[in-house]
Amino acid sequence: MTDDDATHGEHTGNSEHADEILAFWEVARVRAGVVRLVSVTGPDVRGSLVPPAWSFGDDPTLADQLLGLVLDGVKTGTSTALAELGHADEPLPVKGDLSIVLDGSGRPGALIRTTRVETVPFDRVDAEFAAAEGEDDRSLASWRTEHERYWRRVLEPLGEEFAADMPVVTERFELLYPRPSDR
């Protein structure tokens, strides 16, 4: 059922929906309590900068499906092979990071905040985390089967190989916007 949401698929290099993403951010940051604060040192950076925008998965259908799970409160975690971040020259996520999650067409759908990040070997990811990813039957066995299949497919073109002990960045997050009362 899943091809995994391991990489943060499409990033905001595409300006096709840039105005829509900015408009979403202006509403979402206020509704989520991330406001611009002017102090002696100037505006609060977190409320001033538009967070990275990306989609889950590696195709539009999967991006829509996984965004739906986030909006329904089922999906509260994601994982990325550490090698993918290195090849994409992306930093590790950190607690407090904000992200705009895009749908399969590149339109903004959710604002999330990272609540926990751990790097663990693939074979040490636990059942609690597998359930938090919200995919398939939410079991650890399913998580391992589908993620291994996904990472074998995406790592090979990068010159990397899947291994049971390869480092996986597990990320937990909370949905800030839209909340059920916003829909």
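**View 1. Buried residues of helix H1 in the predicted model.** In helix H1, the residues Ile 21, Phe 24, Trp 25, Ala 28 and Arg 29 are buried (under 20% relative accessible area, with exposed over 50% and partly exposed in between, for a 1.4 Å probe and protein chains only). Seen down the axis of H1, the buried residues fall within an arc of 120°, so they line one face of the helix, the arc being that of the directions from the helix axis to the C-beta atoms. The model is predicted, so that local features need pLDDT of at least 70 and side-chain atom pairs count only at pLDDT 80 or more, whereas totals for chains, interfaces and linings use all residues. Residues are numbered from 1 along each chain as its sequence is written, and side-chain values use heavy atoms, with hydrogens and water left out.

**View 2. Length and end of H1.** Helix H1 comprises 14 residues (18-31), which at 1.5 Å a residue should span 20 Å, and the 20 Å between its end C-alpha atoms agrees with this (the expected span is 1.5 Å times one less than the number of residues). Just after H1, Gly 33 takes a positive phi of about 80°.

View 3. Five strands, in the order E3-E5-E6-E7-E4, form an open sheet with mixed pairing (two strands pair if DSSP finds at least two bridges between them; helices, H or I, of at least four residues and strands, E, of at least two are DSSP runs numbered from the N terminus). Strand E3 (53-54) and strand E4 (77-81) are the edge strands, each pairing on one side only. E3 pairs with strand E5 (residues 98-102) in the parallel sense over two bridges, and Ala 53 has Ile 100 in E5 as its bridge partner.
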